[in-house]
Amino acid sequence: MVLKAFFPTCCTSADSGLLVGRWVPEQNSAVVLAVVHFPFIPIQVKELLAQVQQASQVGLAVVGTWCHRQQESEESLGHFLEGLGTIFSHNPWLQLCRERGSKFWSCKATHHQGPGIAGVSREDHVILIFYDQRKVLLSYLHPPTILPDGQARDATASSEGLAAIFDTVSRSEVLFCKDQFDEGPVRLSHWQSEGVEASIFMELAKQASGPVCLLVTCLLSLVSAASACRLWKLWPLPFIASKLSTCEQLHHRLEHLTLVFSTQKAQSPAQLMRKANMLVSMLLDVALGLTLLSWLHSNNRIGQLADALIPMADHVAEELQHLLQWLMGAPAGLKMNRALDQVLGRFFLYHIHLWISYIHLMSPFIERILWHVGLSACLGLTVALSILSDILALLTFHIYCFYVYGARLYCLKICGLSSLWRLFRGKKWNVLRQRVDSCSYDLDQLFIGTLLFTILVFLLPTTALYYLVFTLLRLLVVTVQGLIHLLVDLINSLPLYSLGLRLCRPYRLAVAVESRTFAQSYFHRAAEL
């Protein structure tokens with residue numbers, strides 16, 4: 001008879017001891033979960049197995065012995081291990097041995113014929129199958145522990161195969177708990193044994209995570225209550241907040257912090273993955289912000305930027321003046337209406353003069369403003385980029401004003417021409433019915449309409465040229481702001497934790513995939529019923 005023994009790869013270098021696992025009679029196989037090392041007291045081992053069996057509902061037992069002959073002095077240990085079968089009686093009794101300095105293993109299974117036949121036993125051949133205990137536990141290849149009534153039979157049928165092995169490992173997770181400061185009276189070897197020292201820090205982190213999350217949640221509640229105050233709803237504060245990218249980004253970060261530091265446990269693996277992605281995104285954001293902050297405060301770069309900002313603003317204003325002077329002449333050989341061209345050009349030149357005066361008036365405070373903007377980078381790179389977008393909007397506010405003036409003037413011309421064109425055809429716009437109706441006009445109305453239509457047609461090229469130029473300038477500013485917002489959205493929404501798992505540990509992603517697939521199948525069957 002041939003038996004199958006599933007042995008964890010993490011125990012191949014473990015010291016000699018007892019094999020703890022589960023015997024699956026349907027598959028004629030044994031699943032080894034851990035190795036108990038010397039010294040131990042048999043009653044303590046039995047108590048540990050009873051506690052794990054009560055918590056996991058898995059029939060665990062000592063299924064055999066493990067002998068790892070690393071030194072000459074340990075060769076006599078194998079004879080002692082053979083006698084442990086009388087204390088921990090199990091049928092069959094596995095005996096696994098790894099020779100010193102060799103890759104060959106000795107595997108056998110002993111069957112005792114019965115208590116009435118003393119000294120009579122038979123040995124079976126053993127097929128040793130290695131498995132990665134961590135990947136089997138974390139990949140969720142076993143059936144879920146909680147299923148609807150309609151899927152209970154399917155889960156029972158699927159567990160008859162190899163899934164029974166995975167189910168044994170997953171349900172025995174209590175045996176692998178190593179997050180305490182001491183190991184207890186029984187020393188085990190399994191996939192978490194190498195992280196005993198790290199588990200101390202994990203235990204401290206677990207103990208501190210509760211109060212920290214509670215404290216952060218209270219602070220976020222106070223901030224949310226302060227932001228919901230009626231004082232902030234007075235006009236024009238809501239309008240200004242809706243136009244500032246900084247307020248929008250701070251609102252997003254407040255929602256993310258509320259979700260990440262929530263004291264409620266994640267209801268599904270997908271929600272847990274979402275929290276992890278947000279946490280990693282915020283940590284990366286703060287790290288990049290601190291990097292930017294250290295770069296700005298080294299070598300007096302803030303002073304250098306403040307000194308370069310005023311000449312840059314003067315250069316932009318000078319270029320705009322040259323552009324307006326070019327439009328006030330004969331741009332590209334076009335014949336413009338000189339009177340309207342001069343009026344519009346002087347109007348916009350006066351705005352540029354006001355803007356230059358405003359910039360020079362703010363020049364003593366620019367370095368202090370930039371210092372506070374750089375200090376805001378400690379909240380994250382996205383906050384600094386949002387403030388940069390708002391500063392760019394303020395510095396180019398005159399271009400926005402030029403665009404609005406040109407757009408409104410061009411829109412008025414187009415609306416006037418469309419109304420006068422309907423007048424020529426004997427039509428008018430019915431405001432009540434929201435349609436075009438027929439209408440009869442007298443001679444005076446047609447004469448005045450003809451004069452106005454002629455004036456608007458000859459003034460349209462001048463207005464359209466100004467509108468086109470300022471629209472292109474506004475489009476340039478919007479493109480730069482769009483790139484900044486794209487970078488902010490990329491940092492906010494990039495699933496860095498999922499990408500890291502996909503590159504380093506792809507089997508961990510099976511948790512979310514399996515949960516999503518199970519939910520979809522469950523709701524699909526519920527809809528059918």
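Is Trp-235 buried or exposed? I'll start there. Trp-235 counts as exposed, because its relative accessibility is 73%; the cut-offs are under 20% for buried, over 50% for exposed and partly exposed in between, with a 1.4 Å probe and protein chains only.

Quick housekeeping. This is a predicted model, where local features need pLDDT of at least 70, side-chain atom pairs count only at pLDDT 80 or more, and totals for chains, interfaces and linings use all residues. Residues are numbered from 1 along each chain as its sequence is written, and side-chain values use heavy atoms, leaving out hydrogens and water.

Back to Trp-235, then. You'll find Trp-235 in the loop between α6 (196-227) and α7 (237-243). It belongs to a nonpolar surface patch of about 630 Å², together with Leu-234, Leu-237, Phe-239, Ile-240 and Leu-244. For patches, residues need over 30% relative accessible area and no salt bridge, with nonpolar side chains joined within 5 Å and like charges within 9 Å; a salt bridge is a Lys or Arg side-chain nitrogen within 4 Å of an Asp or Glu carboxyl oxygen.

Zooming out: we have 16 helices and 10 strands, taken as DSSP runs, H or I of at least four residues for helices and E of at least two for strands. Of the 529 residues, 34% are buried.

Now the inside. The largest nonpolar core has 26 residues, and Val-31, Leu-33 and Val-169 have the most contacts inside it. A core here means buried nonpolar residues joined through side-chain atoms within 4.5 Å.

Next, helix α9, residues 269-296. Its 28 residues should span 40 Å at 1.5 Å a residue, and the end C-alpha atoms are 40 Å apart, so the two agree; the expected span is 1.5 Å times one less than the number of residues. Buried residues in α9 include Met-273, Met-278, Met-282 and Leu-293. Among the elements covering them are α8 (245-260), α11 (338-375) and α14 (443-493), counting contact as heavy atoms within 4.5 Å.

Last stop: the loop between α9 and α10, where Asn-299 sits along with Asn-300. Asn-299 has a positive phi of about 60° without being a glycine, and Asn-300 has one of about 55°. Most residues other than glycine have a negative phi. Asn-299 counts as exposed because its relative accessibility is 59%.

Notes
Accessible areas come from the Shrake-Rupley method with a 1.4 Å probe; for residues, only the protein chains shown count as cover.
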